[in-house]
Amino acid sequence: LNGLGSSRAPGALEIDPSGQRLALFNTEAGTNVLILDLRTGQTLATLQHASFAWHVAWHPDGRRLAIGCGDKTINRWDALSGARLRTWPTESCIRVRFDPAGEMLASSGWDGYTRLWDFDRGRQLSAILTSGHLWGFDPEGLRLAHGGWDGVVLEFLEVARGQCLRTLHEAPDARGSGGGEPVMDASGKLLAFRTQEGIKLWDVPTARPLGSDQLHNGKAVIGFDERSEHLILTGPEGLFRSQITKSEAGAVRNLEKPMLVNAECADPSGPRMGWMSADGRVCAIVGNDRCQIFRTDTFAKQAETEVQPGMRFGAINANGSVIASGAWHYGGVRVWDAYTGGLNMKLLVEEEGENTATTVALSPDERQVVTATPSGYFFWQVGSWSLFLHIPPQPDGKFLSRMAFSREGKLYAGSYAGN
């Protein structure tokens, strides 16, 4: 190794699992990682990066490496061929470590987070609001030894392994957001969601894509109509209906070109968000701090709510008679009569003047409204509007985002963000 480092950048190294090669980094050429033969000192490969290479981890197979770089990327390399196999973005990556099976990669950065990745796909599995040196996994891969950047604290993080049942779509990179939430029809057989390329329609039992997403660029998904014969969309021009055609045998064949059915919710800035009632007869479209309610048989507007500053999140009950809405940068929740647009109730009134956000969900039996704020999850009894349950937020949670109930209403899930 003589001459490869210097007093200013002496270098760091990681030896491969076979003990025959090492990866040398943090030298004068800070963007390069050198692969050296331990017996001869010969340079076998030079892995070049656009930014400083902070850390290197050998995959247990002894062939692949993960390298965290200063340009907020993680790079996967083949050390034998010297080929870069994949690059994916992250917020910060200063340390990387593999689990014993080589299926998961842990990364930690100066943004305050430690993340777990599916190494083959470059997909983030989870993140926790703590960061520092990664000392390694236990032999079973169930615990990760983690120390603070100052070297004072040593923590052991438990790793829970979930099982992915099926992947329907995976974006090649993490450019922006797909936009909106996926929607399923009443039978549970059709799934629609927006991607970077357009609208995707899938047959769930066969995991088969249907139709062409090129017809639906610039559209957002609202839901399926009553008989799952049409997919309801929004675009800058207004409300659209796209027919789902079927073969003589009844198999779904294609998603037809969308047809404009109402321009009252047009928005030149882009497609608006909205929700569909479970029976598929009513859709609610949000924009300009108010909600417009449309019938899906005639697409006539049946009602429009008053202004709610920052209105953005919401839920509609099964028959489309009640809408609950929350707001972005404004506290409080409002419950509306979807037939008339009239205001039925205000919840969390004490938070209306705060710069916060409130999301909303309805239980399947329609007896509970759940509101989520940085203060936690609040469960309200419909009718009496009394608060009967409060779940405090996670210690590091600052914004509670999406919520969902299981179909029978016995399980409830909520997500939160640390920043």
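A residue is called buried when its relative accessible area is under 20%. By this criterion Cys 93 is buried, because its relative accessibility is 2%. The model described here is a predicted one.

The structure holds zero disulfides. A disulfide is a covalent bond between the sulfur atoms of two cysteines, and a pair is counted here when the sulfur atoms lie within 2.5 Å. For Cys 93, the closest cysteine sulfur belongs to Cys 69 and lies 7.9 Å away, which is too far for a bond. Cys 283 is likewise in no disulfide, its nearest cysteine sulfur being that of Cys 265 at 7.6 Å. Cys 283 is also buried, with a relative accessible area of 0%.

## A four-stranded sheet

Four strands form an open sheet in the order β5-β6-β7-β8, and their pairing is antiparallel. The edges are taken by β5 (53–58) and β8 (83–89). Each of these has a single partner strand, so one of its sides is left without a neighbour in the sheet. On average, neighbouring strands of this sheet are turned by 20° against each other, direction ignored.

## A nonpolar surface patch

On the surface, Leu 13, Ile 15 and Leu 38 form a nonpolar patch, and together they have about 240 Å² of accessible area. Leu 13 is placed in strand β1 (residues 12–15). With a relative accessible area of 40%, Leu 13 is partly exposed.

Terms used
Residues numbered from 1 in each chain as written. Predicted model: local features only at pLDDT ≥ 70, side-chain atom pairs only at ≥ 80, totals over all residues. Heavy atoms only, no water. Patch = residues over 30% accessible without salt bridge, like charges linked within 9 Å, V, L, I, M, F, W, Y side chains within 5 Å. Areas by Shrake-Rupley, 256 points an atom, 1.4 Å probe, with all protein chains shown as cover. Salt bridge = Lys/Arg side-chain N within 4 Å of Asp/Glu carboxyl O. Helix = DSSP H or I, 4+ residues; strand = E, 2+ residues; numbered from the N terminus. Buried < 20%, exposed > 50% of the residue type's maximum accessible area, 1.4 Å probe, protein only. Pairing = 2+ DSSP bridges. Axes fitted to C-alpha atoms, helices over the stretch in contact; angles between N-to-C directions.
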